[in-house]
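Please read the following report alongside the sequence and the 3D model. It goes through the chains part by part.

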Amino acid sequence: MSKYLIKRLLLAIPTLLGAALLVFLLLRAVPGDVCEIRLAGTGLYADQEQIDLCRKDLGMDKSLPLQFWDFISGYATWDLGKSMWTGKPVTYEIAIRFELSLQVAIMATVVAIIIAIPLGIISAVKQDTWIDYVVRTFAVAGIAVPSFWLGIMIILGLLIFTQKFFGVPWMPPIDFVSFFDDPVRNMSQLIWPAVATGYRYSAVATRMTRSALLEVLREDYVRTARAKGLLESVVINRHALKNALLPVVTIIALEFAFLMGGLVVTEQVFNLNGIGKLFVESVLQHDFTLTQQLVMLVVLIFVLTNLVVDLLYAWLDPRIRYS
Amino acid sequence: MMRFTPKLAAAAMVGASLGLAGPALAQTPKPGGVLNFVVGSTIPSYDGHRETTFGMIHPIRPLYSLLIRVNPENPSSPTDFVCDLCVGDLPKPTEDGTKYTFKIREGVKFHDGTPLTSADVKATYDRIIFPPEGVPSARKAFFTMVDSVTAPDDFTVEFKLKYPSGAFIPALATPFNFVYSKKDLDTHGHEWHTKNVNGTGPFMFVQHQPGAYVEGKRNPNYHFKGQPYLDGYKAIAAPKMAVRLQAIRGDRAAIEFRGFPPKARDDLVSALGDQITVQESDWNCVLMATPNQKVKPFDDPRVRKALTLSVDRWGGSKYLSEIAIVKTVGGVVFPNHPLAASETELLRLAGYGKDIEASRAEARKLLEEAGKAGMSFELHNRGVDQPYKVVGTWLIDQWAKAGLDVQQRVQPTGPFYDTLRKKKDFEVSIDFNCQSVINPLADVSKFLGSAGNNYGQYDDPVLEDLFSKMQRAGSEAEQYNLMRRYENRALHEAAHEMITLWWYKINPHRSYVKGWKIAPSHYLNQHLDNVWLDQ
Amino acid sequence: MSTPPIAVDPTDLEEAPRRPLLERLWGLSKGHPLGAAGALVVLIMIFAAIFAPWLTPYDPESNSFEHMLSPPSTEFWLGTDQFGRDILTRIVYGARTALFVGFTCAFVGSFAGLVLGVGSAYFGGKTDLFFQRVMDVFMAFPLIIMALAIVATLGTGTDKVIIAITIPFIPQCARVVRSSALSLREIPYVDAARACGFSHMRIILRHMVPNVMAPFLIMLTTFVGQAILLEASLSYLGLGVQEPTPAWGLMLQGGAEEYAESAPWVPIFPGLAITLAVFGFNLFGDALRDVLDPRLRNR
């Protein structure tokens, strides 16, 4: 077990290094730099002298290998650099947004599980009946709807609906308050993006629950259980579901990891100051240091989630041994 | 330039105030309340001297004072400036227009309690005009006429100019010229102000959540007694236009200071009726199309002229102003400024005639002569919807009507600048001029081939000569005539640049926001000391 | 994928008893009504894309300001946008852009993935380990960020969008194909082929590729829908296809949101078009999966 773990962790190192090199080179290939964007606010005018000064300040006049070395060696001392846009430490910029992103990801997961598991079960049990078709249509639609479009429709719907019925248009707050400071305001802001993303997420999970359960229901031991005359509900709950959970847990974990850094478009729609919005801003502002560290964070989450999923597999299904 | 004939100045003021519902003057301001507003950009640093974005002006400007500012009671006038940290009327220049003496207000305190003296003002302007080696100053070039800044006593500051210049006072009033404390600069150095705030403004810094909001609270020791009326403000970052619009609709914010498209205004008004007040103004920003004269066939003036001839500006003004933040047909000078061309004068320029069919026929003829009829090219544009992409899409259609086949290449802001400044591989690009304080004598330098912000890659001695004559012209009449010749050269004869339409600023806001008056720039009149809430 | 693949000789894939095509299709549709509905949507889309100029009297790009933002009427069935362009016309022409982006990305992405996946599995050892690490990097790399960077580097435009969307597809497909192919490598007849001294190319093409066709085809259909959605997201962020080209994502961007209230037809119809198209491809893909390989349901 521990040998396997060490091997997996060692294998993650080339992945992380590769990602670091990739993001480093990609960013340098993008024309334009943070100094031009910053200094050309009015009328596109910027003194070359001022731009050079700004570049020097940010260490962008250094050679590429040296810049890459600064980036990588920073991990040894946990000095992840400063945002080129705000001048604040990258760790600070990420930390203040992490709570929001984490909370939305958790809430969307909860929404997804609440919808997906029951629907998936019904759909599998009633395979090829009209109920199954309705559930599958609902699920496929969830994958097909662009979640940002759904977000726009939700906000618009809220504004129109509240004005019609209460006379005063209401929309979710646009500035974040921690759940621990003001839970009501916090929830009234985050429930909507959680629903908009949770729907897509639940659609993926519903399909997975259905197909995993269908596969298990064909297994011999389920047939045996049925043959023994056990109640259908007992067969499903006690025997089938437990074994069908594996791929469902996998997909939920992978989606969760994706949500941590992938809410790029939804955060724009709901004006959420999270990791995804920071991502877009840092890329558009050519804030190299910040973008690099954000990519590394997302890659790290991805790698760790995959590891956890594999360990979960082993734990849930004793048949699988680490090879 | 500051001595306009009364007739011209009055015309300018009337022309500019177009508010649908003018701010009520009769009411007495009520103190209290917190103003929430949305800002469509983020804050790079708090240091006004080095930054250029409105994203930092809107949240940070209320924390600082300026030496002089645009008159908050008459911000629509492009020529009305008043004292902020100085006292009395704006000083008249002496010594043949080369010396300005300012009396500094006494009893003003920085937020940390340090009293303000002329030494602080001198230190501020020294840093802006003559920054020490390695210290950034974004608007150093605005002050090339300044020879020295001195503080003969604790409450007097003198600016000595190398030559008399009408561009000096407007440059002084630039809203980025925050007055810092000399003590801070001396003890903390030049980086301190990027992350810390210590000003004399109407509000004091409370906190900044990067990417989210800035909070300010009332400064009880503000130098204008009784002001500010607000207890505080919260500037909420909302990069998407739709969110900003919805925020006002759902009352998460009361106002947005940059500007909304016309349709957004109509939607807000139809949904909320008299709970929304709309203020509108011409805007000191203009989009142009710049042909790259190093790329064939744009070195041919006939081709450039044909491009500008094909564009129906008057029709565009009518229709485009319903969907984009542009409206007014104008030449090189801000439309309401005394130095701007009259309509008759505009009509003589290529592409400004009212008979568009005749213009397009002429355009086709010119293209025929140049052997380029029906040519195709690429329009380089910036990836911002309002108004860049809207105007770009409109231009392409205008050109299509003259038989030209134009594709659009849109780039995000960073690569867009890079193409203009370094790669220079575009054929025709959207280009813009957007300034804070209206200062035509300085602003029109944009059209000079030698200017740092000109991307047409041409060299026109005639234009350079007219410009330098204009800078030294003694009377406004002379300035006006030279400006017409300059405009004719840049837009008509040589057709170096083609101006599309001037921007039009529309600020629909919650009616309970009182005291704020629209200015012709989103950088101006943003100190919020005279704003109050009628709730 | 822990299920052992069933080795199939390529000739087995062809159905032995020849029934009339229509009858077979009818049989398939009855067994997979949702899949049939999906196929119908896809066919309508392809039809609209091909015959766009004959389906609508309007030009998708030309402005006509007299008609700007007109509500749906007999003249303009789905209304017009802020430039007075007929929305139905732009949706119909937009199907061209969507299908072009969707199919190009899906084909290039899945073929490259197929080659890399099978190759990696076949050669195994260090080659496999190396490819896997490279694939890991691209898999872990946030998809939308990759797209953002590519578009920012190469500029915007339909071709750039295709590159941006295709790159992340490659490792996704390669990984699935590899895991199917991996177990094939050990199957006796592949060993036998190797023993016969057949070239690598021949073994890969003749013996391995046909056996990973099922996961490959499933990835392919999923990718078409995904590519259409991604194109819409990129266009929404202003990094996708550019005006005046008619494209669905583009139609949702900028103005559409601002006019959402007084002109709801501007954002609603293109959004529905995207949803319906992706919906169609996914239903079709699901049915295809059921037909091709009932055991591969969970991917």
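In this predicted model, 42 residues of chain A are in contact with 45 residues of chain B; two residues are in contact if their C-beta atoms, placed from the backbone, lie within 7 Å. On the side of chain A that touches chain B, the elements giving two or more residues are α2 (34-39), α3 (48-57), α5 (90-125), α7 (147-166) and α12 (275-284) of chain A. Sorted by class, this side of chain A has 21 nonpolar, 12 polar and 9 charged residues. Here Ala, Val, Leu, Ile, Met, Phe, Trp, Tyr, Cys and Pro count as nonpolar, Asp, Glu, Lys and Arg as charged, and the others, Gly among them, as polar.

Because the model is predicted, local features need pLDDT of at least 70 and side-chain atom pairs count only at pLDDT 80 or more, while totals for chains, interfaces and linings use all residues. Residues are numbered from 1 along each chain as its sequence is written, and chains are lettered from A and ligands numbered from 1 in the order in which they are written.

**Chain A**

Chain A has 13 helices and 0 strands. Helices (H or I, at least four residues) and strands (E, at least two) are DSSP runs, numbered from the N terminus. The C-alpha atoms of chain A fill a box of roughly 85 × 65 × 35 Å along the principal axes. Of the 323 residues in chain A, 47% are buried, where buried stands for 20 or more other C-beta atoms within 10 Å of the residue's own, with C-beta atoms placed from the backbone. Among contacts in chain A between residues at least 6 apart in sequence, 70% join residues at least 24 apart.

**Sheets of chain B**

Chain B holds an open sheet of 6 strands in the order β12-β16-β11-β15-β13-β14, with mixed pairing. Two strands pair if DSSP finds at least two bridges between them. At the edges stand β12 (326-328) and β14 (405-411) of chain B; each has a single partner strand, so one side of each is left without a neighbour in the sheet. Neighbouring strands of this sheet are turned against each other by 40 degrees on average, direction ignored. Axes are lines fitted to C-alpha atoms, for helices over the stretch in contact, and angles run from 0 to 180 degrees between N-to-C directions.

A further open sheet of chain B has 3 strands in the order β4-β6-β5, with antiparallel pairing. Its edge strands are β4 (99-103) and β5 (146-153) of chain B, each pairing on one side only. Helix α3 (residues 118-129) of chain B lies across β5 and β6 of chain B and runs at about 165 degrees to β5(B).

Strands of a sheet pair through backbone hydrogen bonds, either parallel or antiparallel.

| Strand pair | Sense | Bridges |
|---|---|---|
| β13(B) and β14(B) | parallel | 7 bridges |
| β7(B) and β8(B) | antiparallel | 6 bridges |
| β4(B) and β6(B) | antiparallel | 5 bridges |

Each pair can be located by residues that face each other. B:Asn381 stands opposite B:Val410 in β14(B), and B:Thr101 stands opposite B:Glu158 in β6(B). The bridge partner of B:Gln207 is B:Glu215 in β8(B). The hairpin of β7(B) and β8(B) has 3 residues between the strands, and B:Gly211 takes a positive phi near 80 degrees there.

**Confidence in chain B**

The mean pLDDT of chain B is 89, and 95% of its residues reach 70 or more; pLDDT is the predictor's confidence in each residue, from 0 to 100. Which element of chain B has the lowest mean pLDDT? Helix α1 (residues 6-16) of chain B does, with 37, while strand β10 (residues 255-256) of chain B has the highest, 96. Over residues 1-24 of chain B, pLDDT stays under 50. Where pLDDT is low, the predicted coordinates should not be read in detail.

The axes of helix α3 (residues 87-123) and helix α8 (residues 200-208) of chain C come within 11 Å and cross at roughly 115 degrees. In this contact, C:Val118, C:Gly119 and C:Tyr122 of α3(C) meet C:His200, C:Ile204 and C:Met208 of α8(C). By class, the contact has 4 nonpolar, 2 polar and no charged residues.

The axes of α3(C) and helix α12 (residues 265-292) of chain C also come within 11 Å, crossing at roughly 35 degrees. The residues of α3(C) in this contact are C:Ile87, C:Ile91, C:Gly94 and C:Ala98, and those of α12(C) include C:Trp265 and C:Phe269. This contact has 9 nonpolar, 1 polar and no charged residues.

Methods: Buried ≥ 20, exposed ≤ 12 C-beta atoms within 10 Å, placed from the backbone.
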